[in-house]
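Thanks for coming. I will go through one structure this morning, starting with the whole chain and then moving to its parts. Please have the model open.

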Amino acid sequence: MHTPCIICILDGMADLPTRDGQPTPLAAARTPTLDRLAATGAAGLCQVIPTGAEAGSDAGIPALLGYDPLRHPVARGPLEALSAGLPLAPRDTAWRCNVVAPDTHGRMADPAATLLPATEQTIARIVCAAFPAPGYGTAHGGGFRFTVVERETASHAASPSSPPAPEPLAPAAFTPAGPQDVTGQYPADALRDLARHHPALHARITAANTHLADITGPDALHGLALWPWGCGHRPALPPFSVCHPAAASSTYPGRPLTAAMMAAVPLARGLAPAAGLTAPEIPGATGGADTDLAAKAAAALALLADHAVVFIHVEGPDMCAHARDARAKSALLARIDVELIAPLRTARPDALLCVTCDHVTHCGDGRHHPDAVPFLLHGPGALPHPAARFDEAACAATGLRIPSGPSLLDLILRAATNQAGA
Ligand SMILES: [Zn+2]
């Protein structure tokens, strides 16, 4: 017998105290199931983002999958390229490109433009034309998210004066700042460093931005622009099953530890091929606040039949916090309680259930923060260490503090293993 594990990553769920003493969105949300699980299981804080790593899902989600972001840095661009099925040779470079909206002066104002479907199609055509095959590959990850892969040949072809990159080509030498860190700047100024390090890509981004600046519409009052960031090479992660041999041998003797990822957003989905996880398409899972949580719960339950660990990633809370909409974040967390957590707990009382998040996203400033985040662990094998309810303050008050994402996964797998061996 083995104890199956369900690990829910509610992206950006955690928040910071507000200046006016209002409860955080998690504390304000009506979450009777999460509160009951925290009060009858183990709850505490986990320092998912290590010192030295940027607070973001590209560090936080791999950390919760057991990959130390400092030892195994993974970039957003390559993960999204893998998720889109773009071919990615070891020396190709993949970029995440946000569609950003400038203000009336042409300074970057919205790092993640909200786009109408017709505008998305126009942008997709411009991006395809600006980055043609065979030197480039492109994908549209929905909304403002685009991915561009620059083949090794293309990065040199347009800049014959630059010498070929030295061996080995370890993590990309230069990654521009995230789009939230360049708000208020002029795109051309902010892209100056890109021109020095990646001249071929810079030339094509600049050409695309000339066309994007001319787009007009209710969703593009002052034109639009592409902001490339999160670049890197194909990640070299050891397979999930290889990383956890002890858990594997006690749960499925003679078989590797199988894991699955339920996710809609390309970053989380791209970790599946990189780490050897199953990642089914889930109809109705949108990566937004309107996502079909029941469909995710059902897909997770189906995969538990032949997977020892099922990760469920829900992007919506992060999106609400980036929009600085605390009320929407609370409402979504309340819906997650009813439509995801409660059905999972009811359907599989024999499973270990962990609920946590990858990083803080603060509704007060719409940004990620590296602070420790709440987690709860409930089910067979979870030692009692209860919290009064499931929120940031109550989890901090338990005094249980897990130093990293990989240690939280260890704790979960050890609990599952002990139970299996008992
Ligand atoms: Zn975010």
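Before anything else, this is a predicted model: local features need pLDDT of at least 70, side-chain atom pairs count only at pLDDT 80 or more, and totals for chains, interfaces and linings use all residues. Residues are numbered from 1 along each chain as its sequence is written.

The whole chain, then. There are 17 helices and 14 strands; helices (H or I, at least four residues) and strands (E, at least two) are DSSP runs, numbered from the N terminus. The radius of gyration is 22 Å, close to the 22 Å that the globule rule gives for 422 residues, so the chain is as compact as a globular protein of that length. That radius is taken over C-alpha atoms, and the rule is 2.2 Å times the number of residues to the power 0.38. Along the principal axes, the C-alpha trace spans about 65 × 50 × 35 Å.

Buried residues account for 53% of the 422. Buried here means 20 or more other C-beta atoms within 10 Å of the residue's own, exposed means 12 or fewer, and partly exposed is in between, with C-beta atoms placed from the backbone. Of the contacts between residues at least 6 apart in sequence, 73% join residues at least 24 apart. A contact is two residues whose C-beta atoms, placed from the backbone, lie within 7 Å.

Next, the domains. Domain 1 covers 5-73 + 236-421, and domain 2 covers 79-232; the bounds come from an automatic or database domain assignment. Their C-alpha centres lie 30 Å apart. Domain 1 gives 12 residues to the contact and domain 2 gives 13. Which element supplies the largest share of the domain 1 side? Helix H12, residues 266-275, with seven residues. By class, that side of domain 1 has six nonpolar, three polar and three charged residues. For the classes, Ala, Val, Leu, Ile, Met, Phe, Trp, Tyr, Cys and Pro count as nonpolar, Asp, Glu, Lys and Arg as charged, and the others, Gly among them, as polar.

Now the seven-stranded sheet. It is open and mixed, with the order E8-E9-E1-E10-E13-E2-E14. The edge strands, E8 (259-262) and E14 (401-402), each pair on one side only. Pairing requires that DSSP finds at least two bridges between two strands.

Look at E9, residues 309-314. Six of its six residues are buried, so E9 is largely enclosed by the rest of the structure. Val309, Phe311 and His313 point one way from the strand, while Val310, Ile312 and Val314 point the other way. E9 runs parallel to E1, joined by six bridges, and Cys5 stands opposite Val309. E8 also runs parallel to E9, over four bridges, with Met261 opposite Phe311.

Further along the sheet, E2 (residues 42-46) and E13 (residues 373-378) are antiparallel and share five bridges. Ala43 stands opposite Leu376 there.

H2, residues 32-40, lies across E2, E10 and E13, at about 75 degrees to E13. H15, residues 326-347, packs on the sheet and touches E1, E9 and E10, its direction making about 170 degrees with that of E1. Axes are lines fitted to C-alpha atoms, for helices over the stretch in contact, and angles run from 0 to 180 degrees between N-to-C directions.

Moving to E6, residues 145-150: five of its six residues are buried. E3 (residues 93-102) runs antiparallel to E6, with six bridges between them, and Ala94 stands opposite Val149. E5 pairs with E6 in the antiparallel sense too, over five bridges; Thr138 stands opposite Val148. E5 and E6 form a hairpin with four residues between them, and Gly142 in the turn has a positive phi of about 95 degrees.

Last, some backbone details. Most residues other than glycine have a negative phi, and most peptide bonds are trans. Is the bond from Ala133 to Pro134 cis or trans? It is cis, with omega near 0 degrees. Pro134 lies in the loop between helix H5 (117-130) and strand E5 (136-140). Arg324 has a positive phi, near 55 degrees, and is not a glycine. Arg324 sits in the loop between H14 (316-322) and H15, and is partly exposed, with 15 other C-beta atoms within 10 Å.
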